[in-house]
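Subject: Structure handover

Hi,

Here is the structure we spoke about. Please open it first, then read the notes below.

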Amino acid sequence: MKLAALLTSAGVNTAVCVVLFSLYSVLRKQPSFVNVYFGAKIAQVRARQQDAFRFDRFVPSPSWILKAWETSDEEISATGGLDAVVFVRMIVFSFRIFSIAAIVCNFLVLPLNYFGKEMQRHQIPAETLEVFTIVNVEEGSRWLWAHCFALYLISCCACFLLYLTDAGKMCKMLKLTPRELHCGSSSMRCGLCGTTASFSMLPMEAETDKGRSDFDGSDLRKKESAAALVFFRNRYAALVASQGLQSRNPMSWVTDLSPEPDDMYWSNICVPYRLLWIRKIAILVASMALVAFFIVPVSLTQGLVHLDKLQKTFPFLRGILQRKAMSQLATGYLPSVVLIIFMYMVPPIMLLFSTMEGSISRSDRKRSACIKVLCFFIWNVFFGNILSGSVIERFSKFFKDVKNLLAMAVPSTATFFMTYVLTSGWASLSCELMQPFGLLCNLFYRFVLRNKDVSTYGTLTFPYHTEVPRILLFGLFGFVYSTLSPLILPFLLVYLSLAYLVYRNQILNVYVTKYQTGGTYWPIVHNTTIFSMVLMQIIAMAVFGLKKSTVASSFVIPLIILTLLFNEYCRQRFQPLFKHIPAQILIEMDRQDEQNGKMKEIHQKLTSAYTQFKSSSLMLGDPVPPSHNNCRLEDLEINPGKIPVHHPS
């Protein structure tokens, strides 16, 4: 690919961004689209619909950019919760580390790549992108030490930013957040079934519903159910009960912390425990089949990158592709567009798979989908394009030398990933701002259903399962290609800058926080970052070996070991805080609520918080609706200490 083709792709995407960003700044001022662009603040801005016609509503303005920039992390936390803060911190971390990488690699490594061989030079736009990569460095060159130095510097800076800076802030927020988040009816994240001094059952029947119960308390204890929600008088008792075995047979009673009321996914709470592992295995097989299926479109997109092979395979395209503009468009823009179209099918499928796994909380379901989408992107977008590109060139040697395969294939596919960042990155942010699906729904409600009440249009929650994998995938590109093809870093920094503004704006104005994971997306960020760093180091070691610089290659081995040791230390130090709330914090919360007299209020609110059908006001002992006769206990309103209990039978 010529540099001109990359610049063509950058120009097209820049024009798309400018047009859509300007259009967004106009549409967000229109009263009829308040529900689309201010879903999170619709109650406060409803009065704007009464405004008279004003000319400034049709003039693009950067006011939303200033607002997104000036918003503090505390405001983000108050609006979107801890998950939103983690998401923003992920973008900030990526921007910081790749800013360092861009300065080091573009001023140190890039010139060495460009002048790595004696060759006939062309004008910069006419140069092929390979001359800016490590492919252009001669074998045995002493300048490979500069690449090794950059590799060490980037890895050390990433570990420093990942530990003193971001991980520390996340853990600090985790320690302070429970007291703020759990001060109302959602006061605890624990509970269990059992009979202890702290266990309490709700009244058997309400005064207005006397005579409706078809079984008493003693019968209730004998009823067998797939799951039940139970509450405790304090958080600490529920935590202790949740972490212990309830019988000699560990399969008799399986206990776990229950989600918050709004986070409960009622459809899965009745799934018998013995079926959960079967479902997980089946979903794993289905996910692997989906990954295998998508190798086909990934290979097709690589065919568009290799223009000469495309002309050889389809001779009728030869005349069209010989035109300069068409060849630049075909190699610089179309491959990533085709791949993105196919990739839009993946997140909904993975979310469906995560639902079928049996998760009882909406946040865990979305988090599981996030991990699946991330693994899919890393394999199909990164490894799939690398391997399919190399298969086109040397299928006969595919299984003979994996080390040389990575060393040769990774630098050669850098050009595709540059265009992918431009198309999937820059353009996707424009679509995120515009909310095309929300606009279509708005027009459908207003002009087809004749419904102008914006309060009935519904709201959206933040799509973490699609956006977290996307940014982490771009982070993988940045790490792997920082020393191999530094030209990708400026495009990546532009994307991260836009993402910082766009997503903060969306968190503040568009998406409503109904449930959250409590910051548990950060371990995904940490683990993926470590994976990206180790992959960067392994590929660099292979490339140095291929370039016959054995000393530089061997110097990468200690870096890999140190990175893995750093990851193990962080896992021991920080990971437990993301899995369990410390008992010390729960005890302090209990004492504070008891001193302030809030515990009684919390117990009273719980009687209406945990019910699947809010309008039915079911009490303990009430008959369950006929459509749910197969699971009796999960519809009952229960607990400040709350744990779903799975009975295997």
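The bend at a residue is the angle between two axes, one fitted to the seven residues ending there and one to the seven starting there. This is a predicted model: local features need pLDDT of at least 70, side-chain atom pairs count only at pLDDT 80 or more, and totals for chains, interfaces and linings use all residues. Residues are numbered from 1 along each chain as its sequence is written, and side-chain values use heavy atoms, without hydrogens and water.

Helix α24 first. Helices are DSSP runs (H or I, at least four residues), numbered from the N terminus. In α24 there is a kink of about 40 degrees at Q572, shortly before the proline P576. The helix covers residues 556-579, 24 residues, so at 1.5 Å a residue it should span 34 Å. Its end C-alpha atoms are 33 Å apart, which agrees. The expected span is 1.5 Å times one less than the number of residues.

Now its partner. The axes of α22 (residues 521-546) and α24 come within 10 Å and cross at roughly 175 degrees. Axes are lines fitted to C-alpha atoms over the stretch in contact, with angles from 0 to 180 degrees between N-to-C directions. The two helices are therefore roughly antiparallel (over 145 degrees). Contact means heavy atoms within 4.5 Å. Among the residues that meet are W522, H526 and F544 in α22, and I557, L564 and C570 in α24.

Best wishes

Notes. Parallel < 35°, antiparallel > 145°, perpendicular 65-115°, else oblique.
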